[in-house]
Amino acid sequence: MPPRIPRRLPTVPRLPTVSRPARLPRMPAQIRRHTSRDRYFLRPLQSEAPSPTYDYKFLSKPASVEVLGYPFSGGQPRGGVDEGPEALVKAGLLDQLSALGWEVKFNSQAMNDVRELAVQEHDSGIGKMHKPLAVSAVNERVAADVAAIQERGALSLTLGGDHSLGMGTVAGTKRRFPEAALIWVDAHADINTPLTTDSGNLHGCPVSFLLGLEGTDVPPFNVWLQPCLRPEDIVYIGLRDIDDKEKRILRELGIKVFTMHDVDAHGIGRVMERVLAHVGAARPIHLSFDVDALDPTVAPSTGTPVRGGLTFREGHYIVEAIAETGNLVAVDIVEVNPALEDEASAAQTVAIGCSLSRAALGETLF
Ligand SMILES: [Mn+2]
């Protein structure tokens with residue numbers, strides 16, 4: 001049987017009519033109608049110099065930052081990363097830091113000395129290590145420079161250069177602040193030892209030397225570098241390219257690691273809460289930021305890019321959240337290589353090196 005068609009289609013119900021209230025409710029005073037007579041006056045601009053956004057508890061007053069630029073590429077095989085510091089300075093970094101209210105000094109002597117120390121004769125290698133004499137000589141100097149800056153009560157900002165420089169910067173910080181925590185932002189863990197490294201490039205090994213892992217008690221390093229970092233002192237953020245042997249080291253030592261998986265799962269806000277909870281509120285912080293932690297679309301000109309990295313904002317948020325603690329004593333911005341990729345990519349990467357440095361010294365969005 002065919003379905004019966006109703007004779008009359010159902011009618012659409014009428015919408016209820018809304019009756020206007022007799023009187024509109026009175027608007028509260030604070031959102032009263034704007035009148036043409038309202039004028040808003042701003043306080044006059046202060047003419048005196050600005051002061052940093054945060055109170056940096058472990059530094060002397062007035063806040064001062066000493067910038068070290070190390071044109072060093074001996075920890076890895078690609079040329080150009082030694083041009084990083086000069087590119088950052090030429091981009092106006094020093095003036096940008098002054099504008100944030102810091103007294104800024106740049107150590108050009110250290111820059112020239114390291115250029116000479118980077119050239120060592122008979123430096124073809126010891127065991128698997130490439131250029132151990134240069135890496136050791138440069139970092140011995142770096143450690144002394146950083147420690148001297150902190151003795152003067154200033155913040156040390158190190159511009160790399162490759163990440164083997166972390167060996168010297170952290171060793172320097174630990175001389176002045178043995179209790180300091182280390183936050184290592186990177187795509188890689190840089191914790192291979194001279195025994196576990198496959199590449200032999202020492203920019204993949206600085207953390208193992210600081211911890212004093214098996215295989216690091218070798219000349220020429222052991223002449224000046226003693227183990228100065230405990231596994232619980234370090235927190236990693238942004239890792240996504242870890243060798244199997246490094247995974248074993250990290251697990252065995254129980255080191256705190258936040259990979260990109262954790263950033264995806266919890267968001268950078270929660271990750272930073274956990275990072276800072278692990279570090280604790282009362283310790284000086286050394287931040288070592290490898291720009292390869294950022295996604296290659298964000299910071300393309302770097303020696304060992306790995307896709308799936310931090311966004312522009314995630315990278316800056318990490319630095320802002322650390323700056324906000326007021327506990328920063330040292331910052332490294334490393335692996336900016338202006339010779340890689342095209343000119344626009346190099347400029348973009350240099351600009352990010354500058355903006356990360358500014359964030360560390362208290363630049364905020366608002
Ligand atoms: Mn690194």
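Leaving aside its neighbours within four places in sequence, which residues is Leu-328 in contact with? Taking contact to mean C-beta atoms, placed from the backbone, within 7 Å, Leu-328 touches Tyr-56, Leu-155, Ile-285, Leu-287, Ile-322, Ala-323 and Ala-360. The model is predicted, and local features need pLDDT of at least 70, side-chain atom pairs count only at pLDDT 80 or more, and totals for chains, interfaces and linings use all residues. Residues are numbered from 1 along each chain as its sequence is written.

Leu-328 and Ile-183 have the most contacts inside the largest nonpolar core, which has 102 residues; such a core is a set of buried Ala, Val, Leu, Ile, Met, Phe, Trp, Tyr and Cys residues joined through C-beta atoms within 7 Å. A residue is buried if 20 or more other C-beta atoms lie within 10 Å of its own, exposed if 12 or fewer, and partly exposed in between, with C-beta atoms placed from the backbone.

Strand S3 (residues 155-159) has five of its five residues buried, so it is largely enclosed by the rest of the structure; helices (H or I, at least four residues) and strands (E, at least two) are DSSP runs, numbered from the N terminus. Leu-155, Leu-157 and Leu-159 lie on one side of S3, and Ser-156 and Thr-158 on the other. S3 runs parallel to strand S1 (residues 64-69), joined by five bridges, and pairs in the parallel sense with strand S8 (residues 328-334) over four bridges, where pairing requires that DSSP finds at least two bridges between two strands. Gly-69 stands opposite Leu-159, while Leu-157 has Val-331 in S8 as its bridge partner.

Notes. Contact = placed C-beta atoms within 7 Å.
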